[in-house]
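Hi,

Here is the structure I said I would pass on.

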Amino acid sequence: MYSPKSNLAFKQNLRCTLLLWLCVGVSFVQNTPVFGQQIDAYFASQIWPGNGPVINDAVMIVVDGKVTHVNARGAVEIPANAKRHDYAGQAIIPGLVVAQTTLVESNAQSTLAVTPEFRAVDGFDPFRDFDKYLEAGVTTVQLSPGNSLLMPGQGAVVKLGGKDLQNRVLSDSESLRIVLTRDAMSPPTVYEPSVGAVSVDRPLEPTRPQLATSFAEAIVGLDALFANARELDAKRSDNDPMLESLAKLVAAKRTLRFSVENNYEVRAALALAKKLDMPWLLVDPAETNELRGLDWKRADAVGVVLSPEMRAGRLVNPTVPVPDRKPIADVWLRAKALVDAGIGNKLAMRPPTDVDLTDLMFLASLFKRGGLSTEQVLSMITNNPAGMLGIGNRVGSLKPSADADFVVLSGKPLETGTRVVATFIEGRSVFNAAADNTSTTIEAGSVYTPNGIVPGGVAVRNGKFSGIGASLTSSRNASIKRFPNGVIVPGFIDCSTNVGLGGNLAESLALNAKLGDLLARDNDQIRLARQGGVTTGLISSSRLPSPVLAFKLTDSPRIVRDPVALRFSVSGNLTTAEDSMRRMLRSGKAYSDAWTKYDADFAAYEVKLKEYEIAKKQYDTAKAAEAKIAETKAAEAKAAEAKATEAKKQADGKPATDAKPESKDGTPVTDSVNTTPKPPETKPADAKPTDPAKPAETGKPAADEPKKPDEPKKPPVADALEPFRPLFSKKLTAIVEASEVKAIELVVRLFRTEFDLITAVVSGRAAASQADLLAKHGVLVVTGPVLVGEEDGQVVNYPGDIAAAGVPIAFQSQTTTGTSKLPDVVSYAVHLGLGRDDALRGMSQGPASFMKLTGVGAIELGKDADLVVLSGPPFELSSEVLAVMIDGNWVYEKEIK
Amino acid sequence: MDHGEWQNLRERQEQAMIKPQSKWFARVTALLSLTVSATHLVADAPLAIQGAKIIPVVGEPIAIGTVLIRDGKIEAIGKDVVIPGEAKVIDGTGKVVMPGFVDAHNSAAMTSANERNEIVPFLSVVDSIDPVAAYFEECRRNGITSAAVVPGNSTLIGGQAAIVKTAGQYVNDMILKRDAGLKVSLRPVSGNRMSQLSRLRKELDKAKKAVEKEAKGEKPDEAAETKKEGEETPKPAEKPEGGSEEKKDESGADQQPSGGNDAASQAAGLEALKKAVKGEQPVYIYCENGMDVTAALQLVTEYSLKPIFVLGPSCYKAAELLAKRNETVILDASLVFWETNPRTREDKKVIVPQIYRTAKVPFVFQTEGFGARTSLGSSFFWFQAATAVKYGMPEKEAIEAITLLPAKRIGIANLVGSLEVGKDADMLILTGEPLNISTWVEQTIIDGKVVYERSKDDKIKRLLAPAAE
């Protein structure tokens with residue numbers, strides 16, 4: 001009984017020991033610089049470091065949560081053990097820093113107007129769910145202890161996420177907030193302490209007036225407060241804690257954070273700061289005249305924080321300007337004016353309310369109206385506020401030794417439609433947009449559609465194309481992939497590949513064999529084969545005839561059609577070959593015809609059967625009506641008879657005694673109503689055949705009961721011949737290998753003329769010389785794997801020559817992993833003169849429509865999202881495959897070097 | 001010894017009546033109870049519990065053993081303990097003997113707890129303990145033999161806790177430890193956490209300063225003296241009207257009006273705080289939620305306090321932070337509850353004991369809490385341990401969490417918490433295995449005296465009696 005426990009204990013022990021060893025190992029390893037460290041390399045199309053110009057095609061190296069390098073890709077040597085993260089087509093910016101928020105406990109605010117001893121950090125709940133801000137890219141915020149009282153307390157700076165809770169507080173006393181705007185001029189004018197039990201330790205406190213009911217009072221009061229604080233004797237133990245903390249803040253030269261609006265408030269704030277010789281920060285000045293001539297290089301000028309008078313997606317009512325006062329300039333113009341006045345990196349932006357933190361970047365883009373560059377505006381929500389909050393060495397910019405707090409954006413920052421893809425704090429992911437697998441938006445340079453080349457990209461939803469072109473609507477969670485200048489072509493079709501079955505299949509198969517059962521899952525050959533862009537492959541046995549299967553080259557191969565065609569071969573002695581082939585086709589045709597006839601007969605039978613059923617019903621109702629008439633007649637007759645007997649009995653003097661024995665004959669429970677109809681029921685049944693007079697009475701002709709039609713006889717089922725039925729009904733294609741000229745003629749004669757089948761020939765040289773014949777008979781030609789040959793010293797480009805005659809073409813590789821090289825082989829044919837469009841059609845739409853693979857082969861709305869992203873035009877050797885998608889899922893993406 | 005006390009003693013004696021083991025014993029008992037002196041003799045006679053399964057908590061359970069009690073202490077425990085002839089014997093066949101439960105945090109023992117005055121470090125719960133309170137009766141009925149009576153969570157600095165036995169005629173008889181710790185609650189009753197913490201810091205700063213002064217060799221009284229000076233000579237009058245008014249008033253509020261009693265209580269309060277700041281006395285810190293835990297940890301390092309964490313239900317979020325301290329915490333009574341994510345509206349079941357166990361934070365239970373106003377009273381205590389067992393806590397650990405672990409946490413493990421030779425004879429005789437729903441406390445023994453017997457529990461009888469027609 002105890003053995004499992006002790007076993008567990010042993011295991012735990014073992015685990016502990018292992019852990020211990022691991023720890024020892026790690027600590028040992030950390031001494032050596034390279035191993036044991038967590039090194040991550042983040043590649044992105046753009047990195048905006050926050051404190052400098054954008055770096056295109058850049059990489060950022062993060063070691064143990066700190067940035068070590070940010071540079072262009074080529075300029076940084078990437079450590080071999082670095083984990084690579086590719087954000088191709090995306091941009092990285094520093095985690096956003098907000099210069100002022102009130103994300104503190106929202107319990108009742110203090111009613112005291114002056115509380116410098118209050119610390120916002122005490123109201124910060126690190127366990128609160130800040131996910132929505134992290135999802136908006138906000139990683140660091142200033143906390144303000146209150147908004148509407150004169151001196152609400154000391155601010156703090158915290159990170160909104162991160163592993164170590166205690167390290168999330170970057171500053172527990174960042175500034176002393178002083179509100180000089182009208183908000184603070186209406187405190188509860190008289191402070192009324194709550195009335196509770198009065199006791200020795202808690203005497204009834206007197207009510208008292210508070211600061212400040214007017215601006216002048218506020219200024220004078222503040223002056224006095226600071227004066228008292230300065231005079232305070234720190235050694236005494238009975239000091240007012242309020243003054244004591246104020247004195248400490250003055251001594252520490254804490255930043256004074258003034259909320260101001262008008263010129264006179266700005267003036268007063270600056271004067272107070274100057275008098276106290278303390279650094280100052282202005283929040284939301286609506287009038288900036290007073291700030292024009294300032295020397296922004298001075299250390300005591302910490303900066304200015306502006307917020308837009310706008311809320312994301314909501315209407316606000318602008319105030320009507322007072323007639324004789326200069327209207328307040330728009331915030332973007334104020335920002336521009338300050339930048340022009342040389343404010344440099346001392347200008348920050350904050351959202352108007354905490355609610356709008358989720359749309360910080362959207363609102364920030366408003367500042368671009370004034371003519372500020374993306375870089376400048378971005379630094380107003382990253383580098384600048386970080387510097388103003390005194391934490392510029394840790395956050396706000398991506399520079400060596402800074403915390404790896406950064407945001408991955410779907411595109412350029414501060415542009416419409418750009419979304420946050422992921423947020424990192426100290427190198428750890430704190431938000432990752434749940435990439436919606438069902439929707440993908442691919443932005444590229446151009447798209448090859450059946451209607452020509454269209455600029456833009458495609459949108460994919462639920463594995464199908466849902467949009468094509470330059471302006472795509474994508475769902476909110478759609479994963480976005482960008483391939484600037486990429487060319488999107490449909491996924492290629494290989495008309496004969498050996499991949500998918502785990503090797504070459506050379507068995508002779510019955511034509512009804514299901515190749516789909518043989519497909520290999522998670523096959524490495526498939527993974528390699530699709531890297532060239534082939535998304536759909538056809539397979540068959542090399543021993544012909546054989547059924548042909550069409551499948552997608554996904555990890556677990558998806559069957560498109562099984563079978564899609566039958567593959568034959570015409571070779572060797574053509575005289576005997578023709579004979580045997582004709583015999584086979586004839587028997588197939590005969591079988592097919594028998595079934596076709598049966599099908600036709602059966603259809604006719606069904607029609608007849610229906611007619612019969614109707615007739616039968618009519619007959620039955622007629623019969624029932626007759627029976628009823630007969631019944632009533634019989635009943636009448638019986639009644640008459642009964643009357644007669646009763647009369648007779650009455651005459652005999654024995655009344656009604658007969659009734660009882662009668663009922664005893666029947667079941668005792670049933671009443672007379674049920675027993676009476678019994679005799680008439682039998683009567684008409686008897687009457688019908690015997691009594692010829694009755695039908696005549698109804699007046700209906702022909703008592704003939706309608707005859708049930710005979711069901712046609714099913715022909716015998718021959719499994720091996722079954723596939724000929726869809727073949728002859730033109731649902732399947734006959735693919736015929738014919739390498740000689742005569743063989744081609746034979747194929748045309750036999751398959752097209754005699755049996756009228758959808759026919760494709762697999763041929764190279766012979767088809768090229770018989771191109772006109774094939775064109776006349778509408779035969780598709782599959783070429784490959786050899787596309788180019790030599791004849792009479794001349795290079796012959798088979799697909800080129802065939803296509804030139806107007807014959808539809810397709811390609812096959814007949815290899816396994818070589819399938820990935822098929823497009824390269826086709827490029828050679830293109831190089832030798834095959835038209836690019838013909839080549840592309842031959843690799844996609846041509847065989848797809850010829851073989852009725854309706855879901856694939858073209859980039860059209862509603863078709864399967866099989867596509868190849870190329871770095872340039874298709875069938876250029878210089879073009880590289882960047883990515884391959886099958887059914888809406890990426891199956892190959894080029895690795896970054 | 002006046003008449004009343006005598007009467008009490010007698011009652012107590014009767015309460016402690018023991019089923020005679022044999023006829024001879026019955027006769028002896030009857031004989032002895034005839035005279036007063038004999039009664040005294042019987043009170044001091046050793047007591048033996050024989051034939052029961054013994055769970056001593058420390059060490060392996062004894063399948064059938066004997067516990068011998070003399071003079072209120074455990075004299076012997078084991079399989080083959082020789083029972084002296086004069087001992088009273090309780091037949092424990094088929095029963096289970098285990099140490100009495102220890103409640104590490106409780107405010108229900110106070111008849112009128114202070115819920116109004118926020119900063120009263122000088123108060124002591126002793127003044128509010130009523131020995132005949134229903135709480136104690138419940139305790140004895142449900143096996144709690146020691147309890148830390150701690151000021152409630154509704155005041156900032158609530159005063160001094162005391163540890164008591166749950167049976168006794170007078171408070172002084174019950175007390176195990178007076179001034180067992182200072183209670184601090186971080187849950188703001190009025191205002192917000194910023195003001196709560198600033199007020200707390202103000203008090204702690206005062207104490208810290210005083211301690212520092214003492215350390216420098218200055219007279220501790222100096223503070224009081226300067227205070228008087230300050231009052232006599234008001235602050236310079238050069239202050240302008242607006243701000244000074246407020247300032248003066250506020251400082252006035254801090255300086256208590258003079259008067260003998262006030263100064264005394266102020267001094268007592270300061271002394272209590274000083275003890276806390278010096279680390280001489282533990283501080284019960286009540287944390288309502290996770291952010292309070294971070295604040296508490298900050299305070300602990302800032303003022304080098306010796307904390308006993310009393311945690312609200314949602315403190316589980318800070319379990320990992322608490323794990324670093326490796327201290328036993330006191331959990332709220334609501335151990336399992338549902339929480340709704342405010343954004344996704346998804347409900348999540350929170351199993352508190354599981355979370356702390358995963359984080360490797362040792363914990364004990366209590367019957368009070370924010371989310372558990374229950375009519376089950378102290379019987380809930382037992383239920384707590386059973387709940388933890390339901391969610392994966394080994395039974396042995398759960399039993400320890402209501403006996404030895406809380407005793408250790410509040411510093412009385414040398415006296416109670418386990419059945420060991422020399423410890424106080426506080427134990428329970430259960431009808432079956434502990435933590436079993438059908439198990440009853442048959443008898444409760446405190447300091448060697450039977451203080452509860454189910455067979456004489458009128459209330460239980462009436463409760464379980466078939467309803468009258």
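To start with chain B: in which loop is Gly432(B) found? Keep in mind that this is a predicted model. Gly432(B) sits in the loop between strand S16 (427-430) and strand S17 (441-446) of chain B. Leaving aside residues up to four places away in sequence, Gly432(B) touches Val96(B), Ser438(B) and Thr439(B).

S5(B) and S16(B) run antiparallel and are joined by 4 bridges, with Pro99(B) partnered by Met427(B) in S16(B). Strand S5 (residues 96-99) of chain B also pairs with strand S1 (residues 47-54) of chain B, this time in the parallel sense and over 2 bridges. In that pairing, Lys53(B) has Val96(B) as its bridge partner in S5(B). Val96(B) is also one of the residues that Gly432(B) touches.

Now chain A. There is an open sheet of 7 strands with mixed pairing, in the order S3-S2-S1-S4-S17-S18-S19. Its edges are strand S3 (66-72) and strand S19 (428-432) of chain A, each pairing on one side only. From one strand to the next, the twist averages 35 degrees. At the S3 end, strand S2 (residues 55-63) of chain A pairs with S3(A) in the antiparallel sense over 6 bridges, and Val59(A) stands opposite Asn71(A).

On to the helices of chain A. Helix H3 (residues 215-231) has 17 residues, so at 1.5 Å a residue it should span 24 Å; the end C-alpha atoms are 25 Å apart, which agrees. Its buried residues include Ala218(A), Ile219(A), Leu222(A), Leu225(A), Phe226(A) and Ala229(A).

Last, a helix pair. The axes of helix H21 (residues 822-831) and helix H22 (residues 836-843) of chain A come within 10 Å and cross at roughly 150 degrees. H21(A) and H22(A) are therefore roughly antiparallel, since angles over 145 degrees count as such. Their crossing is right-handed. At the contact, Pro823(A), Val826(A), Ala829(A) and Val830(A) of H21(A) meet Arg836(A), Ala839(A) and Met843(A) of H22(A).

Cheers

How values were computed. Residues are numbered from 1 along each chain as its sequence is written. Chains are lettered from A and ligands numbered from 1 in the order in which they are written. This is a predicted model: local features need pLDDT of at least 70, side-chain atom pairs count only at pLDDT 80 or more; totals for chains, interfaces and linings use all residues. The expected span of a helix is 1.5 Å times one less than its number of residues. A residue is buried if 20 or more other C-beta atoms lie within 10 Å of its own, exposed if 12 or fewer, and partly exposed in between; C-beta atoms are placed from the backbone. Two residues are in contact if their C-beta atoms, placed from the backbone, lie within 7 Å. Two strands pair if DSSP finds at least two bridges between them. Axes are lines fitted to C-alpha atoms, for helices over the stretch in contact, and angles run from 0 to 180 degrees between N-to-C directions. Angles under 35 degrees count as roughly parallel, over 145 as roughly antiparallel, 65 to 115 as roughly perpendicular and the rest as oblique. A crossing is left-handed if the near helix is turned anticlockwise from the far one by less than a right angle, and right-handed if clockwise.
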